[in-house]
Structure formats: structure tokens, C-alpha cells
Amino acid sequence: MASHAHWMGLALAQAQAAADAGEVPVGAVVVKDGQVIAHGRNSPISDYDPTAHAEVVAIRQAAKVLGNYRLEGCTLYVTLEPCAMCSGAMLHARLDHVVFGAHDTKTGAAGSVMNLFANAQINHHTKVTGGELADACGDLLKTFFKSKRMNTDPLREDTLRTPDAAFADLPDYPWTPKYISDLPSIPGLRMHYLDEGPQDAPMTWLCLHGNPAWSYLYRKMIPVWLSAGHRVVAPDLIGFGKSDKPKKDSFHTFETHRQALLDLTERLDLQRVVLVVQDWGGILGLTLPMDAPERYKGLLLMNTTLATGNEALSPGFLAWRDWCASRPLFDVGKLLLRGNRTLSEGETAAYNAPFPDKGYRAALRAFPPMVPEFSDSPGAAISRQAQDFWRNNWQGQTFMAIGQQDPVLGESVMRSLKHQIQGCPEPMLLADAGHFVQEQGRAIAQAAVRHFTTSTSP
Ligand SMILES: [Zn+2]
């Protein structure tokens with residue numbers, strides 16, 4: 001007679017087949033007189049059948065094979081402790097023996113949550129043994145759910161995806177990644193975002209980063225808002241952070257990125273939003289609220305601009321654009337470090353993490369020349385509409401913070417922006433902060449919470 005481990009190995013193969021089909025990996029075999037007479041694997045999703053657990057599938061097949069609704073003399077091997085339904089079916093079948101692998105602390109009905117087999121009134125017959133190859137059975141389930149959590153959506157052929165390992169153990173970035181892969185404006189591209197705090201919070205801080213950063217830039221501000229009981233949503237633009245990275249520079253257009261952000265706010269149905277913008281976060285983000293003003297209650301502006309094509313781009317920006325063009329492989333972390341000397345090695349590395357090699361850098365190349373420069377540049381017309389909205393129709397509260405050391409989108413650019421926003425108060429000035437002002441964002445986040453929770457609506 002073969003051992004329990006042998007038969008459980010066959011049940012494990014069934015479980016693996018279930019995993020390969022996208023089902024929770026549980027498998028079963030029924031053995032009689034030293035032969036497998038039936039097998040089953042979990043298939044409730046593919047069969048549209050909530051009762052299609054591996055054990056039930058195997059029991060039905062075994063009964064057909066034997067031509068008998070009673071399975072006397074049979075042993076059923078299953079990789080996971082049976083649930084109440086399956087335990088009931090096993091008792092009805094009058095199996096001789098049930099051998100299971102991993103314990104199921106959530107729904108196990110053979111000892112973990114309850115024990116139907118131990119009930120003398122309903123079980124006169126079936127012996128039960130647990131823990132056979134428990135580690136192998138449990139590991140299969142763990143691996144399956146882990147890969148689900150990591151979201152292994154298929155990757156488009158024209159796209160790269162930074163391996164998860166690049167983002168392991170980032171300092172001060174403990175939040176669970178969320179992914180969305182079916183936004184209509186970017187079909188098949190996986191966008192990463194953070195979504196923390198209660199859905200019904202009085203405020204949702206929608207944090208938009210720019211080039212060449214990602215949501216990591218907001219790590220000092222997010223905890224302030226979460227501890228105030230608010231919700232924070234922080235996406236990575238396509239081409240940045242943990243989002244998918246199209247290989248071609250030509251993927252990146254103002255309109256595609258704008259529409260992706262509109263799609264995201266609609267899909268997540270964001271309400272009571274405080275729009276938080278800096279750099280491209282504002283160049284794109286400031287064009288969003290006019291399309292759905294009812295979603296927005298506040299605006300937090302940091303070192304950004306509205307590129308309408310009406311005013312010349314700042315000399316600092318033009319220098320940055322030239323610099324990027326002449327150094328296509330510039331070190332992103334070092335760039336951040338230049339304006340933020342206190343960044344640790346780990347923090348500097350986190351800014352490089354999204355870009356393991358130059359294949360991933362299309363967005364870094366494409367974004368600087370994409371800033372609308374002339375009145376007919378793509379994005380300029382929509383930015384002029386946005387300017388009109390902020391001047392004449394904006395009903396919410398505004399808070400502005402300026403990193404004064406920024407040579408690109410510094411105080412003069414921001415002062416000009418201030419005049420374009422109805423009701424924008426005197427800005428908070430950060431004398432030591434540079435372009436990536438969020439690196440000193442804790443104080444800004446705290447001041448903004450005070451501002452938005454104490455101001456009354458106009
Ligand atoms: Zn079951």
C-alpha cells in the first residue's frame with residue numbers, strides 16, 4: 001500500500017492545476033483498494049458553481065465510477081481542511097477516511113473552526129486525519145494569494161514593468177500597493193497608486209507627483225493626513241514609480257496622462273478632494289477639477305505652473321530641459337540629493353528604483369519637452385481653459401507653499417500662479433526647500449490640515 005504522502009502528492013498536483021487555472025489551489029483524490037478512482041480540483045470560478053470545491057468534485061466523480069452514492073471503503077485526500085459543506089458531503093458519502101493537508105483557520109470544519117467529524121450524532125463512520133504534507137499544501141496557497149496581492153496582470157508587449165524586488169524595503173514607504181489595469185484611456189497599462197485611510201473621510205488628499213519622481217515623494221506628508229483621519233490617494237503616473245513603463249517616448253502625451261488621471265478619479269469616485277500638486281502634478285492636475293468641480297473642495301499648490309503657452313517658460317525651466325536632453329542617463333537619486341542634502345542612501349536609491357536601466361526611462365526623456373511652450377502646443381489650450389476656471393469658477397479653499405531654492409518653478413513662477421487662482425492666500429515660504437518641496441512636506445501638510453479644517457467655505 002502506498003503511503004498517505006504519496007496520495008497527497010497526487011492531490012497536490014490537482015491543487016497546482018487549480019492554481020494554473022486561476023482558482024484557489026485546492027485539490028483532492030479518492031482512493032479505493034490502492035487505486036485512485038477519482039480526482040477533483042477547485043473550480044467555482046470557471047464553472048460558475050459555488051459548490052465546486054475539490055472534494056465535492058472528487059466525491060461526485062467517485063460515486064459515478066462506483067455506481068453507488070455511498071463511498072464505503074474509500075479514502076479521500078484533500079490538500080486543505082474541508083469546509084462545512086464538504087465535510088457534510090463526506091459524511092453523506094460515508095467515506096472511510098478523510099486525510100487533509102493544511103489546516104484552514106478561517107473555514108475549516110474538521111477541527112479548526114468547528115469539527116463536524118467529532119459530532120457523534122452526525123458521524124458514525126468517517127475517520128479524519130489532518131496535517132499530511134501540510135507545509136507543501138499551505139505553501140501552494142500562500143504563493144497563490146501572494147501573487148494575487150502583487151497583481152500579476154499581463155504586461156503589454158510595448159511596455160516594461162519594474163520588478164517588485166527593486167522596491168523592497170524602501171525607507172518610510174510602508175503602504176500597500178494598489179493597481180488598476182483597465183482605465184479606458186490607457187488600456188492594458190497597470191497604474192500603481194496608494195489609497196490609505198477611510199473611504200468616507202471628510203477629506204481625500206489626491207497627491208500628484210511630477211517628473212522624475214513618484215508617489216514616494218509624498219511619504220513625509222501622507223502620515224500627517226492619515227493621522228488626521230483623512231484619506232490619501234497617490235498615483236504614480238504611467239512611466240514612473242511602480243506604474244508600467246511604455247518603451248517608446250512617443251507614448252507620452254499631455255492628453256493621455258490628463259485623461260488617465262480623470263479616469264482614475266472617476267473610477268475611485270473620489271469625493272471631498274484636496275488636490276495636491278507639484279511640478280507635472282500641477283501642469284496636468286490643475287486641468288482636472290474643471291471637468292468635475294463637484295469632487296473638489298481644496299487645492300494645495302507647491303512649486304508648479306499652469307503652462308498655457310501665453311507666457312514664456314521660465315529661464316530655469318529651459319535650462320532644466322536642456323540639461324535633461326544633454327544627460328539622458330542622469331542619476332535621478334543624485335538629482336534629488338542635490339536639493340535635499342539630508343536624504344539617506346536608502347531614500348536616494350528609492351528615487352532610482354523605478355528605472356533599472358535606460359529602457360525604463362522613456363518618461364524621463366519625454367516629459368521635459370512635453371511642457372506646453374507655445375499657444376498651439378499640445379495641452380496649452382486645455383491649460384488656458386483651466387486658467388479661466390481657477391480665476392472665475394473655483395469655489396474651494398486654496399493653500400500654497402513655495403520652496404524658495406527652486407531654480408525651475410520657484411517663487412516668481414508661483415507668485416504668477418497665485419494671481420491666477422481665485423482666493424489664493426499668501427503662500428507659506430520654505431526658505432531652505434528646493435523644487436522637490438515635499439521633502440520638507442511634514443510642516444506643509446500640518447499647515448494645510450489646519451488651513452483646510454478651520455477655513456469656512458466662501
Ligand atoms: Zn469545501
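Trainee: In which order do the eight strands of the open sheet stand, and what kind of pairing do they show?

Mentor: Please keep in mind throughout that this is a predicted model. As a general idea, the strands of a sheet pair through backbone hydrogen bonds, either parallel or antiparallel. Here the order of the eight strands is β7-β8-β10-β9-β12-β13-β14-β15, and the pairing is mixed. The edges are taken by β7 and β15 (428-430), each of which has a single partner strand, so one side of each is left without a neighbour in the sheet. Averaged over this sheet, and with direction ignored, neighbouring strands are turned by 20 degrees against each other.

Trainee: In which sense do β12 and β13 pair, and over how many bridges?

Mentor: The strands β12 and β13 (residues 296-302) pair in the parallel sense, over six bridges.

Trainee: Which strands does helix α6 lie across?

Mentor: Helix α6 (residues 254-267) lies across β7, β8 (191-196), β9 and β10 (231-235), and its direction runs at about 40 degrees to that of β8.

Trainee: What is the strand order in the open sheet of five strands?

Mentor: That sheet has the order β2-β1-β3-β4-β5, again with mixed pairing. Its edge strands are β2 and β5 (127-129), each of which pairs on one side only, and the twist from one strand to the next averages 15 degrees. As for a particular pair, β4 (residues 97-102) and β5 run parallel and are joined by three bridges, with His-97 having Lys-127 as its bridge partner in β5. Helix α2 packs on this sheet, where it touches β1, β2 and β3 (74-80), and its direction makes about 140 degrees with that of β2.

Trainee: How should I describe two packed helices, in general terms?

Mentor: Two packed helices are described by the angle between their axes and the distance between the axes. For helix α2 (residues 54-66) and helix α3 (residues 84-93), the axes come within 9 Å and cross at roughly 20 degrees. That angle makes α2 roughly parallel to α3, because angles under 35 degrees count as roughly parallel. The crossing of this pair is left-handed.

Trainee: Which residues of α2 and α3 meet?

Mentor: From α2 come Glu-55, Val-56 and Ile-59, which meet Cys-86, Ala-89, Met-90 and Ala-93 of α3. Sorted by class, the contact has six nonpolar residues, no polar ones and one charged residue.

Trainee: At what angle do the axes of α9 and α10 cross?

Mentor: The axes of helix α9 (residues 332-339) and helix α10 (residues 345-352) cross at roughly 130 degrees and come within 7 Å. The two helices are therefore oblique to each other, and α9 passes α10 in a right-handed crossing. The contact is made by Val-332, Gly-333, Leu-336 and Leu-337 of α9 together with Thr-348, Ala-349, Tyr-351 and Asn-352 of α10. By class, five of the residues in this contact are nonpolar, three are polar and none is charged.

Trainee: Turning to the backbone, is Asp-279 buried or exposed?

Mentor: Asp-279 is buried, because 28 other C-beta atoms lie within 10 Å. Its phi is near 55 degrees, a positive value in a residue other than glycine, and its place is the loop between β12 (273-278) and α7 (280-285). Asp-33 also has a positive phi, of about 50 degrees, although it is not a glycine. Asp-33 lies in the loop between β1 (27-32) and β2 (35-41), but with 8 C-beta neighbours inside 10 Å it counts as exposed.

Trainee: Which residues does a cis peptide bond join?

Mentor: A cis peptide bond joins Asn-211 and Pro-212, with omega at about 0 degrees. Pro-212 is found in the loop between β9 (204-208) and α5 (222-227).

Trainee: Which residues is Tyr-173 in contact with, leaving aside its neighbours within four places in sequence?

Mentor: With those neighbours left aside, Tyr-173 is in contact with Tyr-216, Arg-219 and Ala-350. Tyr-173 lies in the loop between β6 (159-160) and β7 (178-180), and it is partly exposed, with 19 other C-beta atoms within 10 Å. Tyr-173 and Leu-217 are 44 residues apart in sequence, while their C-alpha atoms are 9.7 Å apart in space.

Note on methods: Residues numbered from 1 in each chain as written. Predicted model: local features only at pLDDT ≥ 70, side-chain atom pairs only at ≥ 80, totals over all residues. Axes fitted to C-alpha atoms, helices over the stretch in contact; angles between N-to-C directions. Helix = DSSP H or I, 4+ residues; strand = E, 2+ residues; numbered from the N terminus. Parallel < 35°, antiparallel > 145°, perpendicular 65-115°, else oblique. Left-handed = near helix turned anticlockwise from the far one by under 90°. Contact = placed C-beta atoms within 7 Å. Nonpolar A, V, L, I, M, F, W, Y, C, P; charged D, E, K, R; others polar. Buried ≥ 20, exposed ≤ 12 C-beta atoms within 10 Å, placed from the backbone. Pairing = 2+ DSSP bridges.
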